[in-house]
Amino acid sequence: MSAAHDDHHHGPAKGISRWLFTTNHKDIGSLYLWFSFAMFLLGGTFAMVIRAELFQPGLQLVDPNFFNQMTTMHGLIMVFGAVMPAFVGLANWMIPMMIGAPDMALPRMNNWSFWILPFAFAMLSSTLLMESGAPNFGWTFYAPLSTTYAPSSVTFFIFAVHIMGASSIMGAINIIATVLNMRAPGMTLMKMPLFVWTWLITAYLLIAVMPVLAGVVTMMLFDIHFGTSFFNAAGGGDPVLFQHVFWFFGHPEVYIMILPAFGVVSAIIPTFARKRLFGYDSMVYATASIAFLSFIVWAHHMFTVGMPIAGELFFMYATMLIAVPTGVKVFNWVATMFRGSMTFETPMLFAIAFVVLFTMGGFTGLMLAITPADFQYHDTYFVVAHFHYVLVPGAVFSIMAAAYYWLPKWTGYMYDERLGKLHFWLSFIGVNVLFFPQHFLGLAGMPRRIPDYALQFADFNWISSIGGFLFGASQLILLFVVIKCIKGGKKATDQVWEGAQGLEWTVASPAPYHTFATPPDPKLIHDQ
């Protein structure tokens, strides 16, 4: 009560208490974005250790156990600490403004959702300093490796996962409550900008699958400390059960990380093509279809566990089916750009790179969906290449596009366009040099999650590591651009993007019935 009470009566809180007790959706959005950027740099540092070790064959920098800790922590921190909080931050900042709401529906819970995260990740990161070492069983933490053979720090990992899950569930409840209850008059569901739609659907996914993740880590906790045998074959349990429960969470999770990206790109491409988004309705239905299908494809991560052939066929065809609504979205983005008056400011460059490279990641996903082919690709670097093409030039590029696109709105100043373009080109080259050779490594049979490799894989690993260092270093430019923009510069007007004034809100969603340039027809307002 006290902080909000004081704010209300004595003006805005000063200094640190402003951030600790804030219930303002913009402040909380900024907190999420800064936190996710810090986690992005931390997770990136772990990736640099991985790429440095793999720079040449032989064991040189770190011992194999520490290498495994790095792969585990890199995955966990990038997924739960960088990508997801970044999208929640964008949602907090933009959704109330996009639907004409004064704030989020549950502002106190909003504060709580954010502030438990730094503690969760501090606890997770602290495992690196523990005697037993950090979790070393991969970000997918398959049992029994993560239960019977795990370091004692696994208990802290489980608690951290519970806290992240609670944060996600609260954030999702808040978004649903806001979008369903707080839209301005006339803002019908089918008039919302697509970013709002993608997040509304994502929020339902989060509420559906986060309890499943909580369930699987609780079963682990019981196996470790309370003598149960959920995943221990010696006690009548089943290690494959772990994979089923984990991937029932894990597959919708990858769509949680990409659907908001679709929303961002659907806002940016129409602005810089100076055309309304092509096929708005089909975009909404495609997003909903992808969300539905994401629940019935989980076992494509497990083709090699010995499923019945009928199961393998079902999961193969269901997985391929997801390519259809995804293809609809890609064609709609291309149709939006087609014959538009395009300009190529930094957000548009990231958005176009997203469409091209995400589509490539989609094609390798289609290859992995073919069950007999997947037996060859499974657990090789081909899988690593596939999901990094979807997550880095996919999710991460869209977050960067959103940051550049909305920075003028957030700060009141224009970012440095030359530095933005430099950041884009170095990131674009770096990410392809980093991940493209990994397809070849995987097809040649290099397994993932290993600290050493046979000589024939040396050249592609060398190239991949060079790309990794380039991509990692370029992110410092982004940090510089953001700080420089916050400090000042050219004032942002309502015509930030030359010639695109007034387009920002209207192009990503259907046009209003009238512009109020002439007195509106009362009948139209009544119908609306």
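Reader: Which residue forms a salt bridge with Asp-379?
Author: This is a predicted model, in which local features need pLDDT of at least 70, side-chain atom pairs count only at pLDDT 80 or more, and totals for chains, interfaces and linings use all residues. Residues are numbered from 1 along each chain as its sequence is written, and side-chain values use heavy atoms, with hydrogens and water left out. A salt bridge is a side-chain nitrogen of Lys or Arg within 4 Å of a carboxyl oxygen of Asp or Glu. With its closest N and O atoms 3.7 Å apart, the partner of Asp-379 is Arg-448.

Reader: How many residues apart are Asp-379 and Arg-448?
Author: Helices are DSSP runs (H or I, at least four residues), numbered from the N terminus. Asp-379 sits in the loop between helix H13 (371-377) and helix H14 (381-411), and Arg-448 in the loop between helix H15 (417-443) and helix H16 (458-487). The pair links distant parts of the chain, and its separation is 69 residues.

Reader: Is Arg-448 buried or exposed?
Author: Buried means under 20% relative accessible area, exposed over 50%, partly exposed in between (1.4 Å probe, protein chains only). Asp-379, at 38%, is partly exposed. Arg-448 has 16% relative accessibility, so Arg-448 counts as buried.

Reader: Which helix holds both Glu-417 and Lys-421?
Author: Their side chains meet in a salt bridge of 3.4 Å, N to O. Glu-417 and Lys-421 are 4 residues apart, about one turn of the helix, and both lie in helix H15.

Reader: How far apart are the closest N and O atoms of Arg-18 and Asp-27?
Author: Arg-18 is partly exposed at 36%, whereas Asp-27 is buried at 10%. The two form a salt bridge, and the closest N and O atoms are apart by 2.7 Å.

Note on methods:
Helices (H or I, at least four residues) and strands (E, at least two) are DSSP runs, numbered from the N terminus.
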